[in-house]
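Some notes on this entry follow, in numbered points. Please read them with the coordinates open.

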Amino acid sequence: MQQALYHPEHGYYSSGRCEIGRRGDYFTNMSVGPLFGKLLAAQFAEMWERLGKIDKFVIVEQGAHHGEFARDMLESARKLWPGFFTALRYRIVESFPVLRDRQLQTLAEFADKIEWRTSIDTLEPFTGVHFSNELLDAMPVHLICSRGHVARAPTAVPQPDWLEKFVALNGNDFVFVDQPVADPKLRDRLQNLPQRLGGYQTEVNLAALDWIDKCRRARRGVPFTSQRLHRSTSFPHRNYFRMAGGAATPLVRVDGIKPSSSYCRCGS
Ligand SMILES: C[S@@+](CC[C@H](N)C(=O)[O-])C[C@H]1O[C@@H](n2cnc3c(N)ncnc32)[C@H](O)[C@@H]1O
């Protein structure tokens, strides 16, 4: 999944092939016009006021795509809250050069307000907002599958309850193979999951947990991430795992249609 998303040449995001909006692969809040940017400009201006109208209020955005949200928000702040606009500094964390070039074009008129960072690790502590829209579900996940409850002799070595679904080659075809979990971080995480019936599948987003951890470096910052949630991911932890069925929530679509194989046109 990591390769399909981030391979420098073929990755869906890293190659710049991902198109959002009316002629793209899907819609987000920015696709329908500048309203979302306007609404959040009002929200951010209020946060700035509550922080005592500080001289330097930093907004960090991650997953800024072509810079549309930053443009809509900055235009609105300049017009409606000039004091806030003066105090405002914008930081875009962008590791893909092709997207950074698109953002530079979209945001040319705000060049003196914006700085880029290639990674969240190089971001200095700041006071303000750490913003993202539709970022967490763009990150690669680990697919896991329950072995189910296996009756064992009391002396048998206990088996872990979960296997990981890896991708392997079968001739010229990619296939899933269930293997013991190799990543120690994932193994730790799985200890918190309840036992499920054999064959139950779900996913673990370690990248999102890592990201949340790094966001804590904001000194007086407010994390602000918006995300449309799939019906099944809107449940609290205990109810989510109680649900019957248990098919992992990542969906594969090609031109909006479910393909016969998950590996059809990887990275497109
Ligand atoms: C679903 S798009 C959302 C774009 C935009 N925020 C919007 O709402 O229209 C996900 C964005 O996150 C970026 N992205 C994906 N994985 C990322 C990661 N691990 N770190 C930072 N950005 C990532 C992609 O390049 C893409 O621009």
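1. The protein chain contains 8 helices and 9 strands; these are DSSP runs (H or I of at least four residues for helices, E of at least two for strands), numbered from the N terminus. This is a predicted model, in which local features need pLDDT of at least 70, side-chain atom pairs count only at pLDDT 80 or more, and totals for chains, interfaces and linings use all residues. Residues are numbered from 1 along each chain as its sequence is written.

2. Of the 268 residues of the protein chain, 22% count as buried. Buried is taken as 20 or more other C-beta atoms within 10 Å of the residue's own, exposed as 12 or fewer, and partly exposed as in between, with C-beta atoms placed from the backbone. Among contacts between residues at least 6 apart in sequence, 66% link residues at least 24 apart; a contact requires C-beta atoms, placed from the backbone, within 7 Å.

3. The largest nonpolar core holds 26 residues, and those with the most contacts inside it include Phe44, Ile59, Met73 and Leu88. Such a core is a set of buried Ala, Val, Leu, Ile, Met, Phe, Trp, Tyr and Cys residues joined through C-beta atoms within 7 Å. Elements giving two or more residues to this core are α2 (35-50), β1 (57-62), α3 (68-80), α4 (82-87), β2 (88-93) and β4 (128-133). Leaving aside residues up to four places away in sequence, Leu88 touches Phe57, Ile59, Ala77 and Lys113.

4. An open sheet is formed by 4 strands in the order β7-β6-β5-β8, with antiparallel pairing; two strands pair if DSSP finds at least two bridges between them. Its edge strands, each pairing on one side only, are β7 (173-180) and β8 (201-204). From one strand to the next the twist averages 45 degrees, where axes are lines fitted to C-alpha atoms and angles run from 0 to 180 degrees between N-to-C directions.

5. Within the sheet, β6 (residues 162-170) is joined to β7 by 8 bridges, and Asn170 stands opposite Asp173. The hairpin of β6 and β7 has 2 residues between the strands, and Gly171 in the turn has a positive phi of about 65 degrees. β7 is hardly covered, with 0 buried residues among its 8.

Terms used: Two residues are in contact if their C-beta atoms, placed from the backbone, lie within 7 Å.
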